[in-house]
Each structure stands twice: as C-alpha cells, then as structure tokens.
Amino acid sequence: MSQMMDENLSREFEGPAELSALDRREFLRYLGLFSSMTLLAHCSRKPANIIPFVNEQKEFAVHNYEYYASAFPSRGFAQGVLVKSYQGRPVKIEGNPDHPWSRGATSAQAQAALYELYHPGRLTTPLINGKKAKLEDVRGVLLSFRPQDAKGSDVAFIIPALHSPTMTELLTELRKKYPEASFVSPSPWKSDSFTTYDLEAVNSLLTFDEDLFSGRPDYLILSRAFMKRRKMAIDTNSPHLLNHLYVVSSSPTLAGAKSDDQLFVSRGAVWNSALDLLDELEGKKTSNTQIQKWLPELKKSGLVVIDRSLHPDAGALEALINSHLGHSGKSWDTRLPENTTVTELQAKMKAGAIHTAFILEAEFTLDSDWQSALEKVPVKITHSLFPNETTAKSTTIIPASHWLEAWGDIATPQGLITIQQPLIEPLYPSLGIHRFLSLLLGDKREEQEIFESKWRAKTNWEEALKKGVVSGEIAKSTTLPSKKIFTRLPVSRWEILVRPDPSIGFGEHAENPVLQELPRPFTRLTWSNALLLSENEADHLKVKNEDLIRVKTENGTLEGPVLITSMVSDGMIITYSGFGKKKGTQISGNRGFFADSFNGAKVTTVEKIRGKKRFARVQLSMHMDDHPPVKTATLPVMKPPQKATPASFYPEHPIPAQEQGPQWGMTIDLTTCIGCEACVAACQTENNIPFVGEDQVKKHRYLHWLRIDNYIDEKTVFFQPVPCMHCEKAPCEVVCPVNATVHGNGGLNEMVYNRCVGTRYCSNNCPYKVRRFNFRSYSAVPKPWNMGFNPDVSVRDRGVMEKCTFCVQRIKSGERYGETVKTACQTVCPTEAIVFGDLRDEKSIVAENKKSPRNYDLLEEEGTRPRTSYLKVIRGNA
Amino acid sequence: MFRLSPSQNRWLKQILIMLVAGGIFVLTATWLFANSSYVTKVGHYEEQPVPFPHELHTNQLGLHCTFCHTQVDRESTAGIPSMETCFGCHQEILKNTEFLRPVREAYQNKKPLRWNRVNRVPDHVYFHHASHIKAGVSCESCHGDVEHMPLIAKEKPLTMQWCLDCHRQQKSPLNQKLQDCYTCHR
C-alpha cells in the first residue's frame, strides 16, 4: 500500500525530485545569475522617445490646450459647456460663459462626464443576432431594415427624451414612413411643458415639493438668480430687499435647505396645503397656520412653484395661484414626437403585436414591466452606451457614441439651440443617435454633414460652433392648462416617494464612479440608496440606521436599509432611484436596491426584518452639540468687535514684499452655497483625484480634497464647503519629519508628493481634517480612464498624503500669462459662493469679502490664520 | 571590570578604523557616483535614427533655434519639428542621399521618426520653456553650445541641485517665489 502511494507520489511530483539534482554550488550560481539579471533589467538606460507630428500643427489656441464649445445633454436639455482638449483628447469640462443657460457654471454631472467617455466598461463591439460584427454591417442592417408590415404596425421605437430639433425631425420623418409604428419615450424626465421662472424679480417664493436648486435642467440659473437678489440685499445692507423662500416638502430638498422656513409633511398633505393657499387667496379661511404665516410676505410680489409629478393638475393649480400673486413662470412646449403611452406599448408587446423594437433609451427600460414586455419581442435592436438588463437580452446591440464623440443640436427649455460638437473620434465602433435614425431613413450621410448642411442654411455655422449657441431659435411657448376646481388628496398612514438621486439621477449616470462616490446632500451617502424615515417612525419600528425594513406595497415588496433623518415627516418613506441594476458593469452592478417601480405605491405594511447593510457615508454626525456649526447674522450686519489674534507657537512666515507678487486667498459665502456638490466633482476631475470604491469609503478613505459638511438642526440646514485652509500658521507643516509640506511665498501650504513618506502626522495635526492619504494605489485606474487625467497635475502614488493646492497649476498658468486665476471649484459654482484671488489687490472681490463684517475664520480660536475664510449665513424672515 | 588583552585591543582598534574608513569610502563613492557623468549623462550622446547635425543647421546655415523649435517662447515644451518641416527643405536639398531616406520615408509613410531624448527632467517636474525664455535665460544655459555640437549631447546635469543653484541666484522681483516647491513640483 505504502509502496503504491510512493509510486503515485513520485509520478505526481516529478518536479521536486529533479530540482534536488541541483547541487548547492549550482543553486547558488543560478541564484546569482537570476538576481543579477533582475537587477540589470531594472538598470535599463534606454532613452525615452520623442515622436514629432508628421504634419505641421496649427498653433494651440490657449497654452497647450484647445477649447471647444459643446452641449451637455442634461435631463434632455442643453447645458452649454466649454471642453478643454489636450492633444486631441478632452481632459476637462467647463461651463460656457456665453451660454445663457449655464453662464460659465456646470452641474456635477457635466463635470464628471469624462468618466463616462473613458469608461472601460462601455459597449465596444456591435452585435448582430448575437454575433460580433463590424460597424459597416450595422449600417447595412439599419439601411436595409424593412418591417414585415410596410406601415410598421409591428415596430416600436423607444426614444430618448432628448430635445433636439434634428432628432424630432428625423422621428417625424420616421413616423411618416411607418405611420402605424409606436413611438414612446420611457424617460422619467419627459414632460409636456417646462416652466421657467425669473427669480431675480421675485420677492418671496413658495415651493411645493419642487427642488429649484437641484435636479432641474435650469437649476444653475435659478439658483444664480435667487442668490444674486439675496446678495444685492446683503451688499447694500438693506433688510427690506431680502427675498424670501418658503418650502413645503415631503422630501429633503436643496431649496428647502436654503429656505427661510420649511415644513415637512406627507406627499398628499403637500398638495392639500397648496389648495389651502388657494383657498386663503380666494378669501376662504383654512386651518393651515403655516400658510397663513407666509401669506403676507407672499402677497408682496410672490411666486409659487408646484412639483408637476405631485398631481396631474399641478400645473393648473400653479397657474391659478400665481394669477393671484402677480408673478408667473413662462411655459414652453416640450412634448416629444410620441404617439402612444408606455402602458399601451407594453400591453401591445405582451400581446405579441410587436415584432421589432428599436430601443434607443435602454437605461430607463429596466423595471419588471418593461423587462417582461420586451421578453415577448422577438427582435430587439438596442442602442446603448453601457451594458444593462435590456442589452443583455437584445438580439442586436449597437454601441452608442458618447455625447463628446457625436454631433448633435440640443435645445434649452426656451428652445435656444446649442450645438453639440464632438471633441474626439469615437473610441469604439459606435453610432450617434442622429446617425442611427438617419440610417433608418436611408440617409447615408455622415453626422457632421447632416448638421452642417442643416444649420449652415439657417445661421452662421462657424459662429454657432465657436459660441456654442444658435441665436434666435425660440421654442413654442404654451400656457398651463386652466382649471378651477381641484380635489384634495387623501393622506394615508404610509406614503412612499421615489426621488431621482441627486447625483446619478434616474440611473442615467449610474455608471459614473465619480458621481456614485459624490456624497449626497443630507444623507451623505455614497454608492447606494436608503429608505429615509423620520425619527418618530424609526422609534415605532424600533429600527436604527442601517437596519433593514420590509415595505409591502401593491407593486410588490421593497426591502432596504433605514436612514433616520429629521428632514422627512412621519409616515413618509423617501428613497432614491437609479440603483439596484443587476447587469451593469462593476460600477453600477448591485449597488443599493431598485426602487423605481414603488413611487407612490399604496403601502400595506412596514416591518423590521433581520439584517443590516453598512452604509458608505462620508459624514456620520450632522450636529455639533453646543457649538454652533456655522456663524449666522441678520441684516443689517454689524462689524464684530475686533478680537485679539490667539497666540501661536508655530513659526512665523514673513509675507514677502509687495513686488514678490500676489498673496492668494479664498472666501466661501455660506449664504449662497446651495450644497449642490458641483465643486466637489470639479475638484476631482481637475486634480486627478481618484475614486476609491464603496468598501474604501466605508473605511473613510475617500480622497475628495473638498468636502461639503452638512449640518442639520431639525429643519435648518447649513452647508459648509471645507477645502485646505492654507493656514499662515499651519499645524501640518511643523510636524512633517521630511519637510514634505512647506510654506510657499504666495501664502500656499505646499505639499510635495515626492518627499512624502506617509507618516500621516500632518493629517493628525490638521484641525480641519482636510488632508487625504492614498492608502492604496487608487490612481492606477483601469485604462482608458487615465486618458482624462489633467496633464498639469501629478498622479499620486500609494503612501502619499494629498490635499487641496488652491489649484496651483491654474495659479502658475495665470502668473505666467498674466490672466485672472480661478480655481476649479470657483469656476463651476452656479451661485459664485467661492471666490479666489489676490488679497493684495484692493479691487479684487476676495479682498473686499475679507473686509466684510460677515467674514470669519473657521476655528479661529486655534490661531491658525487660515487663508480661506467664510462669510456668515443670512436668511430671510421665517 | 572587563579588560582587553593587547592583541584584542589592537584588533578592535583596527576594526573601528576600518569601519570609519569604510563608511567614508562608501559615502564618497556614492556621492561621486551620483554626480558622475554615468548617472547625470553629461556629455552623453544618444544614437538617433538620423544623425542630425545641429552644428551644420545652426552655425553653418545660420538657422535660429526657433526655426524648428517653434513653440519655445509660448509653451511648456520647445516643440520638435514635424516631419513636414524636415521634408520641406529636404525634398530639394540632398534629396537622393541614403542617410536621409528615413526622413523622406517618415513623411511619405506618415510614420514619424522616433528621436531619442537627450535632455530630460523627471515626470514630477513641471518645466516650462517659455517662462525661462521670457526671463532671459538663453538656450545655451541649459542645453550647452548646441551650435558647435555635430551631434546633440547633454551638457548640463539637469539635477534639482543644478536647477536650484540658478534659481537662488536670480535677482528678479520674484526670486523668493522661485524657490517655492510649487514652482516646479505640484
């Protein structure tokens, strides 16, 4: 037996027997050889190559970079952007100052768009009937498409809610070609009309569940206009000019956070209090004391905005209330070329009446209704940027071009056309949406030809490209429907409300790691969603944060972790859409839970179940106990008494003489900061800050150089952006054993990555906790994400400390070429809350702000003398 | 008390002297090695796909550096001439020579030549040519007497010490800021 085993063993393990034949001397000889070979391999003195261009290049537009105007499709409408391009690849997105709907600012979604363009998980190869194909074959398939029924009664087009005149024309053509085909958009962003408001003229504003400062495609100009008016009152120190904002809401909103008074009620009660307001205005007495309290201020040139998804009659009610108040919005016709509804098409599909479906908006077809309906469609031709549930069951997949790879024309809600100009050749064989549709119509022209021939006939094409806007194209204005009698909504024990996620929307940005990791306002969650409950309800259910609950509804059962907040009313369950995808890439796959189909569903029971889910939250406490988190003031603001600067034992850094150039500083206005997180995303893309992933966020290893602290006291919210303060007496500098963080002559606290050995003493000694440590090689992102890196900023390695540099690359470039320096966070801010500049320049806004009576230093008792200071919060009368 | 025998004493003394001498030797050797031309590559030539004679083009033909390195006064990099620039002259001049064949082929086949880099600073240094030109630093200060180099060789060590030596001497109003870390690293 044992002999047999030995034989077996020796047959199995021939290796060791042979290796032992190597004697000691020979072994050492080989060891020496291999180690010297390894060493020599590292001593390669092969020079780097310089590869010139073949043809002489035209001069760069702006110092190594070129800027092109384009349009970011945000919720179907245009956000004008300027894209910075380096050697043919886009590296940064800025707002287009010439565009009336962005004015140089952008949303966080536009900032992070490069992480979608260079996403390694994009669909890269076209599939035809399950087989890999070339783009020419795809074109052939589309050109030769003939439906079984020539009128197209068995064809469905699932179209995006994109407001592009050319797309509308193409779809109208298609409808003429196939008069019986179904056209419908699954997008939750679509609406019949869009109403815009001039908030600068409004004295007092009351919103019902509508978040004016986030989510809306025009939030940039709404927040800017509102804060411009508020700043005017502050600058002139006149309380009677101060505008007022009141919010009745069922979910936490950014407008509510900036409001002077807000009320949290259930979704049904929001609608009913809007009706109370109407009754009060019409002279009928109601029992709603809150509305009565706001009424006198509202009657002085007020405006009311009601969330359109609240009730089918919301638009009519808003129009009627506003007719009493004097102000009103302007409404624009934003209907899509649809000819059926989603439920009708789904019923048709389930009955087997649809043979071919062109799915041009796959990311909104993930719920069970769509999935089971699509199951019955034999031919599914899907056009998508990323894989998802729908592409997984499609017969033909045509990869979509990213908006930075394709031509387009997108309208603002007012119908101002913005040319979407591609910045880069498509990275993979893919088609833009317009090309897809024109191929179906038998038009073989390239995308550029389609747009150029169209717009050249109507306008100055070169000028339109340069500015990004085609002037004079105004959409049809429309009036909101009128109605006199409204019914009240019943208020039930539980109500469930699914809101678009503030960062990834309804899931259209779910594949974007930067947006996934962007901390959400109020919840401070990243990478997942939660069920928001009030404190009372949590007590009743005996649940704590992260405990799982089960919500049984008419639409099925929803299970998810609880997050307790003071910003919802009792009986409300708030959750966010966009999560719970199963067949996406690693970024979106299995994050959070799918909530979309539960919006407004009737809840039968809510119960606690076993289990917990740990959240990846960046801020765990929203309070500061007795210490006021931020300073507030009321108009008129008085100069606070001069306090002695606290003593400091840190070394003095003499400020160099006048001719040594600017001394840099920053002010952040806490009155105007709306907490939209666009600056955080801008900072991240400008400074090559890696995302770290859900597990690492749970360990608090996120790397955002700029964080927005949220402080919530019942229903009063404060936002406080905290970058590196660039202290004149910096506690971090003295504790560094290797001089890796030193004081610069421009007043900057400089971080030298190549000296850093990673002791993390500096971070421990920083009272503001703004230093971030690379616990892992986070910067080694999969290719081609690295193509979006800013070439002017070092990519940091593992074991290195990093922090806000005041965008030193921009300072250096500004000093070099004599331009105004603007940091990335400052450029992107819609309300101009962040101001950066030379403290020595008397005329600069930052120097003026520093002299303001509202100016104060964070933790001034520490005596760190920070170069970044804050302006106190001022609110209107409650 | 522990006592050393005379022979032990002698041995210990010798060992100590050897250790100190050895230490000094290692430090000196390291310093010399680090500053040797083997490491700094001063005086080092690189083999190039075409033996481009700077001396001929500048000293003999009188072309200025900016004739080919066009962006040097505007951008961070000086710019290497495109194949089109080379071909622009060499489609007429020396048009049938064998040693210029790679240049002609590179242009015609649209496959640029791969020059070997001679002067380089590490990736974490953000060197800006135009700033130095504007401050009046001549090309020769860093690249040496290129006008008399038949083949380009590295003439200055381009180490941080060497950069700082110059930055410290500057009398410009910005001289204090020139010594900030962020001037070159960020």
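Modeller: Helices (H or I, at least four residues) and strands (E, at least two) are DSSP runs, numbered from the N terminus. The model is predicted: local features need pLDDT of at least 70, side-chain atom pairs count only at pLDDT 80 or more, and totals for chains, interfaces and linings use all residues. Residues are numbered from 1 along each chain as its sequence is written, chains are lettered from A and ligands numbered from 1 in the order in which they are written, and side-chain values use heavy atoms, without hydrogens or water.

Biologist: Is Gln619(A) buried or exposed?
Modeller: Gln619(A) sits in the loop between strand E29 (616-617) and E30 of chain A. Buried means under 20% relative accessible area, exposed over 50%, and partly exposed in between (1.4 Å probe, protein chains only). The relative accessible area of Gln619(A) is 9%, so Gln619(A) is buried.

Biologist: Which residues does Gln619(A) touch, leaving out those up to four places away in sequence?
Modeller: Contact means heavy atoms within 4.5 Å. With residues up to four places away in sequence not counted, Gln619(A) touches Arg524(A), Ile708(A), Asp709(A), Asn710(A) and Tyr711(A).

Biologist: How many Å separate the C-alpha atoms of Gln619(A) and Thr868(A)?
Modeller: Along the chain, Gln619(A) and Thr868(A) are 249 residues apart. Their C-alpha atoms are separated by 21 Å.

Biologist: What is the bridge partner of Ile668(A) in E38(A)?
Modeller: E31(A) also pairs with strand E38 (residues 834-838) of chain A. These two run antiparallel, with five bridges. In E38(A), the partner of Ile668(A) is Ile834(A).

Biologist: How many residues of E31(A) are buried?
Modeller: Trp664(A), Met666(A) and Ile668(A) point one way from E31(A), and Gly665(A), Thr667(A) and Asp669(A) point the other way. Both groups are buried. The count for E31(A) is six of six.

Biologist: What is the omega of the peptide bond from Leu635(A) to Pro636(A)?
Modeller: Most peptide bonds are trans. The bond from Leu635(A) to Pro636(A) is cis. Pro636(A) is in the loop between strand E30 (632-633) and strand E31 (664-669) of chain A. Omega is near -10°.

Biologist: And what is omega where Lys783(A) joins Pro784(A)?
Modeller: Pro784(A) lies in a loop too, between strand E36 (772-773) and strand E37 (801-802) of chain A. A cis peptide bond joins Lys783(A) and Pro784(A), with omega about 0°.

Biologist: What is the phi of Asn129(A)?
Modeller: Asn129(A) lies in the loop between strand E5 (127-128) and strand E6 (131-132) of chain A. Asn129(A) is exposed, with a relative accessible area of 58%. Its phi is positive although the residue is not glycine, near 50°.

Biologist: At which angle do the axes of H13 and H14 of chain A cross?
Modeller: Axes are lines fitted to C-alpha atoms, for helices over the stretch in contact, and angles run from 0 to 180 degrees between N-to-C directions. Helix H13 (residues 342-350) and helix H14 (residues 368-375) of chain A meet through residues including Leu345(A) and Met349(A) on one side and Trp370(A) and Leu374(A) on the other. Their axes come within 7 Å and cross at roughly 35°.

Biologist: Which residues touch the most other members of the largest nonpolar core?
Modeller: A nonpolar core is a set of buried Ala, Val, Leu, Ile, Met, Phe, Trp, Tyr and Cys residues joined through side-chain atoms within 4.5 Å. The largest holds 119 residues. Touching the most other members are Ile93(A), Leu199(A), Leu205(A) and Phe213(A).

Definitions and conventions:
Two strands pair if DSSP finds at least two bridges between them.
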